[in-house]
Amino acid sequence: MVRHDIEFDAEGALLRGWFYEPRPAASPAPCVVMAHGWSSTKRMHLDRFAEVFAAAGLAVLVYDNRGWGESEAAPGKPRHEIDPWEQIRDYQHAITYAQNHPDVDPDRIGVWGTSFSAGHAFVVAAIDRRVKAVSGQAPFVSGRATYANLARVHNRVVGPELFAADRRARAKGEPPATVPVVGTDPGQLVGLPTPDSHAFFTHAREELDPTWPNEVTLRSIDNFYGYEPARYLPDITPTPLLMIVGREDGLTGGNLAASAYGTAAEPKKIVFLPGGHFAAYTGDGFTRASQASRDWFVEHLTR
């Protein structure tokens, strides 16, 4: 694949990523815009998905979320903080950058997301009619339900007092409180406490992105509590929607995603993968997930 390093301004935050030329070359080409999920960087398998898409004749724009990987945070904002609505707007900035690229057909833009960013992809497809097809795998669909499962210490849900104290401290000029993204101590609050999360990020830091920090601001957990992307699913139509769900996804909830899918209108398609939340990144799960998204974008962006 021919890949170029790119950067673009997202209203004060400089976002960096890669642009993949389509193969076979066809200019202007349809383009898929991609970003990773909660705390992940583009080096954690997104290149493999982009290569599959590019080999099918699609241009691909991949970027790191603001404050993560090679992308900068906005002035005055901390790194390693996750705000879903900022990330949604960054998808829209990335779409604009892609539309202005000389090798891209501005009227044939698709959006792809995974986990937390799959929720973003659905929201963007619902609110931004520049999106002509969308695919989201292992999607985050409900902040309230996911919070109840994840924000726990000794299996008790963490109350709002912790987040209120952090907000008050930050307003007084103190640095943002942080927590690990993954860990093994049940008495420590972490962002993603499931065993498969620990395994995924441990391997990813060792093999794919040694700079990944295993740190996220406490407010990032507070931010996702009120984020309900499933509510936007009915508004995606008439944009074609693909949802890819792990049957045993215990992180964002495969059952939640499958139920939310029922609220979306046609045209839509759902694909189930055996395995949990991270099944789509490697092995047969990757093959099935990447090909399903590839075929969806080829069907709806190239014909």
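This report walks through the strands, helices and aromatic contacts of the structure above.

The model is a predicted one, in which local features need pLDDT of at least 70 and side-chain atom pairs count only at pLDDT 80 or more, while totals for chains, interfaces and linings use all residues. Residues are numbered from 1 along each chain as its sequence is written, and side-chain values use heavy atoms, with hydrogens and water left out.

**Strands**

Helices (H or I, at least four residues) and strands (E, at least two) are DSSP runs, numbered from the N terminus. Two strands are taken to pair if DSSP finds at least two bridges between them.

Let's start at β1 and β2, which run antiparallel and are joined by eight bridges. Here E7 stands opposite R16 in β2. The hairpin of these strands has two residues between them, and in it E11 takes a positive phi near 55 degrees. On to β4: four bridges join β2 to this strand, again with an antiparallel run, and W18 has V62 in β4 as its bridge partner. Six of the eight residues of β2 are buried, where buried means under 20% relative accessible area, exposed over 50% and partly exposed in between (1.4 Å probe, protein chains only).

Strand β5 (residues 104-114) is also mostly covered, with eight of its eleven residues buried.

| Strands | Bridges | Direction |
|---|---|---|
| β1 and β2 | eight | antiparallel |
| β2 and β4 | four | antiparallel |
| β3 and β5 | five | parallel |
| β5 and β6 | six | parallel |

Together β5, helix α3 (residues 116-127) and β6 make a right-handed β-α-β unit; right-handed means that, with the strands pointing away from the viewer, the path from the first strand over the helix to the second runs clockwise.

Helix α1 (residues 46-55) has L46, F49, A50, V52, F53 and A54 buried. Contact means heavy atoms within 4.5 Å, and what covers these buried residues includes β2, β3, β4, β5, β6 and α9. After the helix comes G57, with a positive phi near 95 degrees.

In the loop between β3 and α1 you will find K42. How accessible is K42? Its relative accessibility is 0%, so K42 counts as buried. Not counting residues up to four places away in sequence, K42 touches R16, G17, W18, D47, V62, Y63, D64 and E70. The charged end of K42 sits over the ring of W18, 5.0 Å from its centre; for this, NZ of Lys or CZ of Arg must be within 6 Å of the ring centre and within 35 degrees of the ring normal.

**Aromatic pairs**

Rings of Phe, Tyr and Trp (its six-membered ring) pair if their centres lie within 6.5 Å, with planes under 30 degrees apart stacked, over 60 edge-to-face and the rest tilted. By this rule there are 24 aromatic pairs. F8 and Y97 are stacked because their ring centres are 5.2 Å apart and their planes lie at 25 degrees. This pair links distant parts of the chain, F8 in strand β1 and Y97 in helix α2, 89 residues apart. F8, at 5% relative accessibility, counts as buried, whereas Y97, at 25%, counts as partly exposed.

F49 and Y281 form an edge-to-face pair, 6.4 Å centre to centre with 85 degrees between the planes. F49 lies in helix α1 and Y281 in the loop between β12 and α9, so the pair ties together parts that are 232 residues apart in sequence. Both F49 and Y281 are buried.

In helix α8 (residues 254-261), G254, A257, A260 and Y261 are buried. Seen down the axis of α8, these residues fall within an arc of 130 degrees, so they line one face of the helix; the arc is that of the directions from the helix axis to the C-beta atoms. The face turned away from this buried side carries the exposed residues N255 and S259. The buried residues of α8 pack against β11 (241-246) and β12 (268-273). K268 lies over the face of Y261, at 4.4 Å from the ring centre.
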